[in-house]
Amino acid sequence: MAIQKKLKEKTRHFIDSKHMLTGITVASFLESTIVPIPLEAVLVPLMQARREKLWLIALMATVGCIIGALFGYALGFYLFDAIGDWVIDMFSSQEQFENVKQQMQNQGFWFVMTLGIVPIPFQIAMLAAGATKYSIALFLLASGIARSIRYFGLAIVVYYAGNKAEQIISKHKTKAMIAITILVLALWGISTLI
């Protein structure tokens with residue numbers, strides 16, 4: 001019980017801290033690069049506790065994720081240059097990599113956007129975009145849109161549902177993810193026809 005009380009006290013201190021927004025940005029950066037633990041578990045209660053900063057919390061989570069995405073892109077870009085030929089020779093062929101690279105150039109925006117929304121590690125999109133030298137501007141745009149949908153979507157639920165937001169999100173999260181993914185995939189499909 002003492003540990004639980006201490007954890008609640010630390011959480012309350014963080015929520016009321018002047019470093020709360022910086023902490024959210026750093027946590028979002030870490031979640032998008034290293035720690036594959038969904039940030040929603042922290043964001044929703046924080047948004048509920050600090051409703052006056054609801055939109056700013058969503059923005060800072062998005063900013064942290066975009067900074068993390070840029071970092072992951074750079075890793076793919078520079079590390080693949082260092083070990084890429086070895087990786088291609090070991091697991092694939094130069095022809096297959098060129099095919100992947102071409103697909104990334106043609107469909108990369110939607111690939112990045114889809115992985116930015118669905119609960120699949122976003123690191124895959126970051127590394128693939130960097131390794132194939134996909135347009136950094138389009139990569140950041142797709143990342144920003146995807147993560148804004150994710151974090152501002154949470155903010156909208158908290159804004160309208162208030163203290164029932166956690167319950168609503170946990171009950172409907174899978175359905176919402178499926179619906180959004182289907183929508184993005186449909187838009188992706190339409191974009192290939194145009």
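Which residue forms a salt bridge with Glu-31, and how far apart are the closest N and O atoms? The partner is Arg-150, with the closest N and O atoms 3.2 Å apart. A salt bridge here is a side-chain nitrogen of Lys or Arg within 4 Å of a carboxyl oxygen of Asp or Glu.

A word on the model before we go on. This is a predicted model, in which local features need pLDDT of at least 70 and side-chain atom pairs count only at pLDDT 80 or more, while totals for chains, interfaces and linings use all residues. Residues are numbered from 1 along each chain as its sequence is written, and side-chain values use heavy atoms, with hydrogens and water left out.

**The salt bridges**

The structure holds two salt bridges. Helices (H or I, at least four residues) are DSSP runs, numbered from the N terminus.

The other salt bridge joins Arg-50 to Glu-52. You will find Arg-50 in the loop between α3 (40–49) and α4 (54–91).

How do the partners compare in exposure? Buried means under 20% relative accessible area, exposed over 50%, and partly exposed in between (1.4 Å probe, protein chains only).

| Residue | Relative accessible area | Class |
|---|---|---|
| Glu-31 | 10% | buried |
| Arg-150 | 13% | buried |
| Arg-50 | 12% | buried |
| Glu-52 | 59% | exposed |

Glu-31 counts as buried, and Arg-150 is buried too. In the other pair, Arg-50 is buried, whereas Glu-52 is exposed.

**A kinked helix**

Helix α8 (residues 165–193) is worth a look: a kink of about 60° is centred on His-172. The bend at a residue is the angle between axes fitted to the seven residues ending there and the seven starting there. The buried residues of α8 are Ala-165, Ile-169, Met-177, Thr-181 and Val-184.

**A loop residue with positive phi**

Finally, turn to Lys-133, in the loop between α6 (123–131) and α7. Lys-133 is not a glycine, yet its phi is positive, at about 55°. With 34% relative accessibility, Lys-133 counts as partly exposed.

Notes. Helices (H or I, at least four residues) and strands (E, at least two) are DSSP runs, numbered from the N terminus.
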